[in-house]
Amino acid sequence: SILNAALKNDIDLDHFCGGTCSCSTCRVEILSGTENLSKMKPREAMVLGHEKTQNGDRLSCQAKATGDVVVKIPDYF
């Protein structure tokens, strides 16, 4: 997942629920490479909400990359 890749590379990416798809703190904005991500499942869409889903955002704990993907970690606070 994007979250696992970030953690392996010492990139600070919040994930308050521990990566269980229940809090949305690991949300990332996909800048490019959407076609290289796993398909969004219903639970991820529910946690993200309609607006974020429509913007193309993903939960990094759920999105698995099969190729190059560029993401932006949004500022929360």
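Colleague: How many salt bridges does the structure hold?

Modeller: The structure, a predicted model in which local features need pLDDT of at least 70, side-chain atom pairs count only at pLDDT 80 or more, and totals for chains, interfaces and linings use all residues, holds two salt bridges. Residues are numbered from 1 along each chain as its sequence is written, and side-chain values use heavy atoms, with hydrogens and water left out.

Colleague: Why are aspartate 57 and arginine 27 called buried?

Modeller: Buried means under 20% relative accessible area, exposed over 50%, and partly exposed in between, with a 1.4 Å probe and protein chains only. Aspartate 57 has 5% and arginine 27 has 11%, so both are buried by that rule.

Colleague: Which residue forms a salt bridge with arginine 58?

Modeller: The partner is glutamate 44, with the closest N and O atoms 2.8 Å apart. This pair links distant parts of the chain, 14 residues apart: arginine 58 is in strand β2 and glutamate 44 is in helix α2 (residues 42-48). Arginine 58 is buried, because its relative accessible area is 7%, and glutamate 44 is buried as well.

Colleague: What makes the approach of serine 38 to arginine 58 a polar contact?

Modeller: A polar contact is a pair of N or O atoms within 3.5 Å; within protein, one must be able to donate a hydrogen and the other to accept it, and residues adjacent in sequence count only if both atoms are side-chain atoms. The backbone oxygen of serine 38 lies 2.8 Å from a polar atom of the arginine 58 side chain.

Colleague: What is the strand order of the open sheet?

Modeller: The sheet has three strands in the order β2-β1-β3, with antiparallel pairing. β2 (58-59) and β3 (70-72) stand at the edges, each with a single partner strand, so one side of each has no neighbour in the sheet.

Colleague: How do you know that β1 pairs with β3 and with β2?

Modeller: Two strands pair if DSSP finds at least two bridges between them. β1 (residues 27-32) and β3 have three bridges, and β1 and β2 have two, so both pairs qualify. Isoleucine 30 stands opposite valine 71 in β3, glutamate 29 has lysine 72 in β3 as its bridge partner, and valine 28 stands opposite arginine 58 in β2.

Colleague: Which residues have the most contacts inside the largest nonpolar core?

Modeller: They are Ile2, Leu59 and Cys61, in a core of 14 residues. α1 (2-8), β1 and α2 each supply at least two residues of this core, and α1 gives the most, with three. The name denotes buried Ala, Val, Leu, Ile, Met, Phe, Trp, Tyr and Cys residues joined through side-chain atoms within 4.5 Å.

Colleague: How many disulfides are counted?

Modeller: The count is zero. Cysteine 17 is in no disulfide, the nearest cysteine sulfur, that of cysteine 23, being 3.7 Å away. A disulfide is a pair of cysteine sulfur atoms within 2.5 Å. The sulfur of cysteine 21 is 5.2 Å from the closest cysteine sulfur, in cysteine 61, which is too far for a bond.

Colleague: Is cysteine 21 buried or exposed, and why is cysteine 17 called partly exposed?

Modeller: Cysteine 21 is buried, with a relative accessible area of 4%. Cysteine 17 counts as partly exposed because its relative accessibility is 22%.

Colleague: Is aspartate 75 buried or exposed?

Modeller: Aspartate 75, found in the segment after β3, counts as exposed because its relative accessibility is 76%. Serine 60, in the loop between β2 and β3, counts as buried at 0%.

Methods: Helix = DSSP H or I, 4+ residues; strand = E, 2+ residues; numbered from the N terminus. Salt bridge = Lys/Arg side-chain N within 4 Å of Asp/Glu carboxyl O.
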